[in-house]
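Please walk me through this model in a viewer, one selection at a time. For each stop, say what to select and what is found there.

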Amino acid sequence: MLRIKYLATRLVLAIPTFLAVLTLVFFVIRVIPGDPATAALGDYASKEAVEAMRERMGLNAPLYVQYFKFLGDLLQGDLGKSLITGKSINEQVKEVLPYTLELTLSAVLVGAVIGIPTGIYTAVKRNSPADYLGRVLSLAGLSVPAFYLGILIMLLFALKLDLFPAVGGGDLTDWKDNLSHLFLPSLTLGLIMTASVTRLTRSAMLNVLQEDYVRTARSKGLEERVTILRHALRAALVPIVSIIGIWTANLIADSVLTETVFARPGLGKMLVGAILQRDYTALQSVMVVYTGFIVIVNLATDLLYSIVDPRISH
Amino acid sequence: MSQIQAQSPVVHPVRLRSQRQRMWHTFLSNRPAIVGLVLVIIVILAAVFADNWFIALPRGEDPTPLITTFDPLKQDARNRLAEPDAEHIMGLDSYGRDTWARILYGARVSLAVGLGSVLLGGVLGTFVGTLAGYIGGKTENIIMRAVDVLMAFPSLIMGLMVLAVLGAGLSKMILAIGIVLSPTFARVAHGATLTIKENDFVNAAIAVGANRMRILRVHILPNILGELIVLGSIWTATAIRVEANLSFIGLGVSPPTPAWGSMIRDGTQHLGYAPWVSIFPGVAILITVLGFNLLGDGLRDVLDPRLQQ
């Protein structure tokens, strides 16, 4: 019951944040130099044509009318039409979103599955050669840009060893093809995340392992495995959940880079395309989708907090 | 007014010689930090001495390359994508330009963006954060809520958004990344200010009639400086990485100015048969970012023992 109440509060609190960001995005887009109508028609369009276009795009209406229309359309789930292609943005997003989501989620999985055990192991074996190696590797992981790691991984696994396809997103209806295209990009992002998760898990575990109740558990003869996994890890989970939440949001942003390296379709590519082509409505819509995603990730993190540490929801 | 002034005890005293010696000793005994410092110095030397601008510019001449003999912009159409050899140790790119020379000059863009944006974001964020923390009340709430909202956004998305508004170019890149970094500084400065504010020496300063700006400048800033320097070093690493990301996407400084991210981007077209065009600039980014990260970790141990992991 308490947990439901806690989550309801978080949900209600998320609404003003969401609205604030939408408002920010709306006005920031209006500050971008250059006229969207001219951008849509090209520099050689006649004055009359540009004026007609402005009228059709609703740009001549007062700003507050445009703002409420934007919010109203959004409430009905309508993201508008692309300035450049004239295609429905809903359709475009529906087409590319699965690619970005599968990439982000699989990368988070890779990061957590490799990062948490490595962090625990290096904390338990503190100052051993394994710990030292883990620390060096995770620092290197924090320092390498995602796109560069992607290029190195592509060079090795796709171009030299020829194990996986180098570019493209694969066919979503053919899981084998889809998975083979997903492997390298999600390994790239996953390894970057692993570095952070390992470092944080290690330091959280080191803190917890010094606690009295861990010593008590050991002194009463509890198996070391149980002491570490059930007593120590449980307490270290809150910061770990928090960093995984942060990375889920980060990775959906970093997917811009892997999508560029591996020429995958996706939200990031759509965003960069919108910026380069000055497609304002597309830019605005992609930002809305990102914001929605980040709000959901934050809510999910809050939910996980309250499961991992029941004291939080009290 | 009398000259009575409240002296603020600096939490991490730097005036005592023995204290300073101890900090120096802590730093020197931290081997990774020394490695970081050396890497950072190497990159700075490469950026400064890539050409002899410090002699040529005052005389009104064009600078000539110093560390390398090659001009980073000179194209050699007959030797496009030539392999590394004794003359061109890192090979040539798709326009026949020397990769090693371009990496040296590219260090300038990376360092300018890294240090410039951290300075900008640091000053902006620290000002907003300390002010919010010091004033308190509703103003503090509104400012810190806005900071939270901005921080929820991944730095890359924020950077893209700001660049979309500002347009491309070196100064705009510094401005964009500076804006992106400022909320982090604001949050740290805010937190630190709240802690320091409760100390008796601040109350003493208020009691003798010091004004707000003076209290911020003389009593609060020196005490949170250590934390901010640590943050600055680590965020320089991040700023350099974000710059490389944005250049790689194609939103960096305009060509033909060499920047590491855009060099890698050019190389991806020829990855299968000329990987060196992409690989070497990536090593440069890795070394630089690693250097600042190691240095930041080391500085944290010296300047802010509380933050030690």
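Select Asp93(B) first: with a relative accessible area of 6%, Asp93(B) is under the 20% limit and is therefore buried. This is a predicted model, so every value in the tour is computed from predicted coordinates. Is Arg102(B) buried or exposed? Arg102(B) counts as buried, at 4% relative accessibility.

Stay on chain B and select Ile41(B), Ile44(B), Leu45(B), Val48(B), Phe49(B), Trp53(B), Phe54(B), Ile55(B), Leu57(B), Leu66(B) and Ile67(B). These residues form a nonpolar patch on the surface, and their accessible area together is about 900 Å². Which elements give two or more residues to the patch? They are helix 2 (31–48) and helix 3 (53–59) of chain B. Leu57(B) has a relative accessible area of 52% and is exposed.

Over all chains, the count comes to 13 salt bridges. Side chains of opposite charge can pair when their charged atoms come close.

Select Asp73(A) and Lys69(A), whose side chains meet in a salt bridge at 3.0 Å, N to O. Both residues lie in helix 4 (residues 63–75) of chain A, four residues apart, about one turn of the helix. Asp73(A) counts as partly exposed at 23% relative accessibility, whereas Lys69(A) is exposed at 52%.

Select Asp131(A), Arg135(A) and Arg202(A) next; a network of salt bridges links them.

Now go to Asp212(A) and Arg215(A). The closest N and O atoms of this salt bridge are 3.6 Å apart. What separates Asp212(A) and Arg215(A) along helix 9 of chain A? The two are three residues apart, so about one helical turn lies between them. Asp212(A) and Arg215(A) are both exposed.

Show helix 9 (residues 212–219) of chain A together with helix 10 (residues 224–261) of chain A. Their axes come within 10 Å and cross at roughly 160°. An angle over 145 degrees counts as roughly antiparallel, so that is how helix 9 and helix 10 of chain A run relative to each other. The crossing of helix 9 and helix 10 of chain A is right-handed.

Select Gly190(A), found in helix 8 (residues 175–209) of chain A. Gly190(A) counts as buried, its relative accessibility being 0%. Draw a C-alpha to C-alpha distance from Gly190(A) to Ala249(A): the two are 13 Å apart in space and 59 residues apart in sequence.

Two backbone positions remain. Asp162(A) is not a glycine, yet its phi is positive, about 60°. Where is Asp162(A) placed? Asp162(A) is in the loop between helix 7 (146–160) and helix 8 of chain A. At 62% relative accessibility, Asp162(A) counts as exposed.

End at Ala263(A), a residue other than glycine with a positive phi near 45°. Ala263(A) lies in the loop between helix 10 and helix 11 (267–276) of chain A. Its relative accessibility is 36%, which lies between the 20% and 50% limits, so Ala263(A) counts as partly exposed.

Terms used. Residues numbered from 1 in each chain as written. Chains lettered and ligands numbered in written order. Predicted model: local features only at pLDDT ≥ 70, side-chain atom pairs only at ≥ 80, totals over all residues. Heavy atoms only, no water. Patch = residues over 30% accessible without salt bridge, like charges linked within 9 Å, V, L, I, M, F, W, Y side chains within 5 Å. Areas by Shrake-Rupley, 256 points an atom, 1.4 Å probe, with all protein chains shown as cover. Salt bridge = Lys/Arg side-chain N within 4 Å of Asp/Glu carboxyl O. Buried < 20%, exposed > 50% of the residue type's maximum accessible area, 1.4 Å probe, protein only. Axes fitted to C-alpha atoms, helices over the stretch in contact; angles between N-to-C directions. Parallel < 35°, antiparallel > 145°, perpendicular 65-115°, else oblique. Left-handed = near helix turned anticlockwise from the far one by under 90°.
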